[in-house]
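Reader: Could you walk me through reading a few features of a model?
Author: Gladly; let us look at it together.

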Amino acid sequence: MKMDSEAVEIDGSVMEGGGQILRVSAALSCIIGSSIKITKIRAGRSTPGLRPQHLTGLQLVSDLCSGSLQGASIGSTDISLTPGKTRAGNYTADTQTAGSVCLLLQVALPCALYADAASQLCLKGGTNAEMAPQIDYTIKVIDIDTPGFYPKGGGEVMVTVNPVKELTPVTMTERGNITKIYGRAYVAGVLPFKLAKDMSAAAVRTIRKEIKELYINIQPQQEKEKACGNGNGILIIAESSTGCIFAGSALGKKGVYADKVGIEAAEMLLKNIRHNGCVDEFLQDQLIIFMALAKGTSRIRTGAVTLHTQTAIHIAEQLTQAKFTITKCEDELSRNITYIIECQGSGAVNPNL
């Protein structure tokens, strides 16, 4: 166990300056076993300091790595985490708000990969929340019990994570053609089914203008009774011939026409397809931590590099031996500029396996 004097100091207000700095640094601290002290947490936000969802995520990581967590309370702007041994187990984390379960997963998943056996994570909160990945986006890897909507949350997601000895690098540089576009437009609670049909139809119309040759299947759905709260939203996925996945999503709000929600999701998807990269803007920053930990060189082609991604790289380089480079590629075939994010990974080996 490293002593506090050796804690790596992290400025929580740099670059993107949000909860992502907490998630990346806490997960890496847990995996590489070095203490961290994060100051000026969310300093520039309208409500600075830890919110319920950040606090829950930090506590979850601290539990996973038998760590000691200081300064962790709502509104706190300074915390320190001293990790111990990462142990598999059944862990429950509940934001008790509509705080995003996907963001809880973002912080816990890397840690659980470095445990001594499979772990069960029971994550509670909002499955479809603003400013966070929607659960359907993550659904390819986890299984859902009860969807939960803002403002109540109350959604519950069970995740089983099997550990790895080490992570292999990823190469995603050729996108190929878009081969499939599908998704779902849903209403939950008391909202009329017509809203789902309107969202779906508007989204299909919007995508059709640009992509004419594909069948687009966006299913309107009425969420079952067991959903918590009222809500509506849409998630559209595009898959490419080389296995790349892109998404566009939007959530309904009071007073916003259903058509508008459908169009917003469609435009987000189209924007993410146009650049000819292999990941969309939401997956981009989530891959950084895995690239930093992997053994070997990872390369991914992306559209514009987001501030979230630059922030994740900054933290990953501060806490690990990983080295990132970003190169701009001009594409002769189109006006699109793409970037290659390359990482010499730190090759973190799981000491618990």
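Predicted model: local features only at pLDDT ≥ 70, side-chain atom pairs only at ≥ 80, totals over all residues.

Reader: What volume does the largest cavity have?
Author: A cavity is a set of points, on a 1 Å grid over the protein atoms alone, where a 1.4 Å probe fits but cannot get out. Its volume is the space filled by probe spheres set on the points, which are joined across faces, edges and corners. Here the largest cavity has about 70 Å³.

Reader: Which elements give two or more residues to its lining?
Author: Lining residues have an atom within 4 Å of a point. For the largest cavity they include Leu22, His54 and Leu103. The elements are helix H1 (19–32), helix H2 (52–64) and helix H3 (101–113); helices are DSSP runs of H or I with at least four residues, and strands are E runs of at least two.

Reader: In what order do the 4 strands of the open sheet lie?
Author: Two strands pair if DSSP finds at least two bridges between them. The order is S9-S14-S16-S15, with mixed pairing. Strands S14 and S16 run antiparallel, joined by 6 bridges.

Reader: Is Arg184 buried or exposed?
Author: Buried means under 20% relative accessible area, with a 1.4 Å probe and protein chains only. Arg184 is buried, at 17%.

Technical notes:
Residues numbered from 1 in each chain as written. Heavy atoms only, no water. Buried < 20%, exposed > 50% of the residue type's maximum accessible area, 1.4 Å probe, protein only. 1 Å grid on protein atoms, 1.4 Å probe; cavity = no way out; pocket = protein on both sides within 12 Å on 5 of 7 lines; lining within 4 Å.
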